[in-house]
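Please have a look at the sequence and the model first, and then I will take up a few places in turn.

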Amino acid sequence: MKSTRPFNISKALIILTVALFILLPGNASAQTDYQPSPENLQARREFQDMKFGMFIHWGAYSVLGDGEWVFHNRKLTVEEYNRLPLFFDPEKFDAHTWASLAKAAGMKYITITSRHHDGFAMFDSKVSDWNIVARTPYKKDPLKMLADECHRQGIKLFFYYSQLDWHNPDYYPRGATNWPNGRPDHGDWNAYLDTYMDGQLTELLTNYGPIGGIWFDGMWDKPDADWHLAKTYALIHQLQPAALIIPNHHQTPRPGEDVQTFERDLPGQNTAGFNTKYVSARLPLESCDTLNDNWGFNIGDSNYKSPAELVRRLVRTAGANSNLLLNIGPYPNGEIDPEFVTRLHAVGDWLSKYGDSIYGTRGGPLAPANWGVTTQKENKIYIHVLDWNAPLLALPPIEGKIMSAQLLIDGSKIDVTQTIDGVVLKPPAPKAEEVDRVVVLTVAK
Ligand code: H79
């Protein structure tokens with residue numbers, strides 16, 4: 001009789017444990033009470049420290065030199081679009097050159113399209129033959145080469161993955177961007193998500209070593225659909241706990257997501273018209289933008305941002321406590337437009353001098369303003385004076401006693417007055433070639 005109670009408890013425990021193991025991985029609500037793993041939290045901090053990444057839009061669409069939406073914009077049929085990979089042969093692609101360019105630009109990570117909305121996998125996928133190895137004369141897997149090179153050079157690699165698919169018939173019912181392109185009016189949505197998408201994500205998280213994370217895009221095409229997010233997110237975190245999930249759905253972050261990203265806007269701004277104004281106080285932030293006006297290679301786009309504009313964008317993004325993911329669209333042959341290369345080198349040159357005020361920082365104590373922004377790291381506050389021509393700069397109060405104020409570039413002392421009403425600085429007059437006067441305040445903590 002005495003043994004009955006303990007026996008029942010341990011039996012119940014076993015049943016509970018088994019049930020948990022069965023339920024956890026695929027359970028639809030598994031990520032609703034998502035507790036990020038210690039590796040994941042560490043990866044989030046490292047992500048914030050990196051501050052600057054290279055976005056790469058590259059795919060079969062690059063061949064037409066008309067952006068990554070060309071399939072949709074020209075209302076091509078699937079049959080027509082299927083011809084594109086037949087002459088996509090990026091023989092000049094060199095992973096070392098790409099990773100080295102990111103490095104020279106001061107970028108710490110790369111986020112590359114593993115597949116865009118055309119569904120064309122830029123990697124060796126066994127889930128479908130709609131991929132670069134099976135369908136192109138190139139026959140190789142550039143993502144594998146890039147992953148290996150990034151690991152060699154210490155660059156984190158993230159995979160952009162489009163949830164929206166203009167090619168697979170199982171992407172059905174179709175969404176807002178649908179046009180009659182020859183697909184049948186039926187399809188298996190569950191198979192699309194569970195077999196096709198989760199199958200490819202498993203490949204990406206298994207065959208390329210440790211990756212930084214998955215950058216999702218396109219969910220906005222079917223905002224009301226059940227995307228099986230909890231299942232997919234659980235799968236990713238199970239395969240690589242440190243991999244960050246970065247969804248570009250333009251909405252308030254959901255459980256299981258690790259970074260809030262903003263397209264063509266600083267966090268909280270909505271000049272693009274489709275971003276949320278909600279900014280997570282908990283998650284790392286990222287803002288992506290283009291170096292010219294396009295994501296994928298567009299031969300008619302020469303509207304390149306100047307090095308000064310790019311640096312200021314990076315500084316304003318860091319001042320908003322966010323990373324900048326800056327995009328380039330390489331040529332279909334695998335080369336990168338020299339106009340991109342020279343500008344990225346210029347940003348890298350700036351970062352080699354001013355990097356202390358960017359890398360490893362968080363948004364500073366003062367709200368971003370027209371005159372500039374602040375960043376901070378340990379007992380340093382970096383005052384980025386971007387647009388101020390008067391001799392004195394009066395700032396709101398800053399907590400902690402300011403021990404010194406120096407120009408970052410040469411360490412020269414700057415006059416500073418601190419009262420309960422605020423801080424007054426006397427920065428030097430702007431030099432013609434200077435895009436950001438950085439004053440370092442050392443604060444007693
Ligand atoms: O990959 C790049 C673009 O191809 C992709 N995201 C970047 C990173 C992108 N596609 N579209 N957009 C960005 C803009 C989004 C437009 C939208 Fe809409 C407006 C989404 C929801 C409203 C157009 C109208 C598409 C769906 C409805």
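Let me begin with a term: a residue is called buried under 20% relative accessible area, exposed over 50%, and partly exposed in between, with a 1.4 Å probe and protein chains only. What you see is a predicted model, in which local features need pLDDT of at least 70 and side-chain atom pairs count only at pLDDT 80 or more, while totals for chains, interfaces and linings use all residues. Residues are numbered from 1 along each chain as its sequence is written, and side-chain values use heavy atoms, with hydrogens and water left out.

With that in hand, Tyr-331 counts as partly exposed because its relative accessibility is 23%, whereas Phe-297, at 12%, is buried. Rings of Phe, Tyr and Trp (the six-membered one for Trp) pair if their centres lie within 6.5 Å, and planes under 30 degrees apart count as stacked, over 60 as edge-to-face and the rest as tilted. By this rule there are 32 aromatic pairs. One of them is tilted, joining Phe-55 and Trp-215 at 4.9 Å centre to centre with 55° between the planes. This pair links distant parts of the chain, since Phe-55 is in strand 1 and Trp-215 in strand 4 (residues 213-217), 160 residues apart; helices (H or I, at least four residues) and strands (E, at least two) are DSSP runs numbered from the N terminus. Both Phe-55 and Trp-215 are buried. The rings of Phe-297 and Tyr-331 have centres 5.1 Å apart and planes at 75°, so that pair is edge-to-face.

Turning to helix 5, which spans residues 95-104, its buried residues are Ala-95, Trp-98, Ala-99, Leu-101 and Ala-102. Viewed down the helix axis, they fall within an arc of 155° (taken from the directions from the axis to the C-beta atoms), so they line one face of helix 5. These buried residues pack against strand 1 (52-56), strand 2 (109-115), helix 7 (142-153) and helix 11 (338-354), where contact means heavy atoms within 4.5 Å. Just after helix 5, Gly-106 has a positive phi of about 80°.

Which contacts does Ile-110 make? Leaving aside residues up to four places away in sequence, Ile-110 touches, among others, Met-54, Ile-56, Ala-99, Ala-102 and Leu-146.
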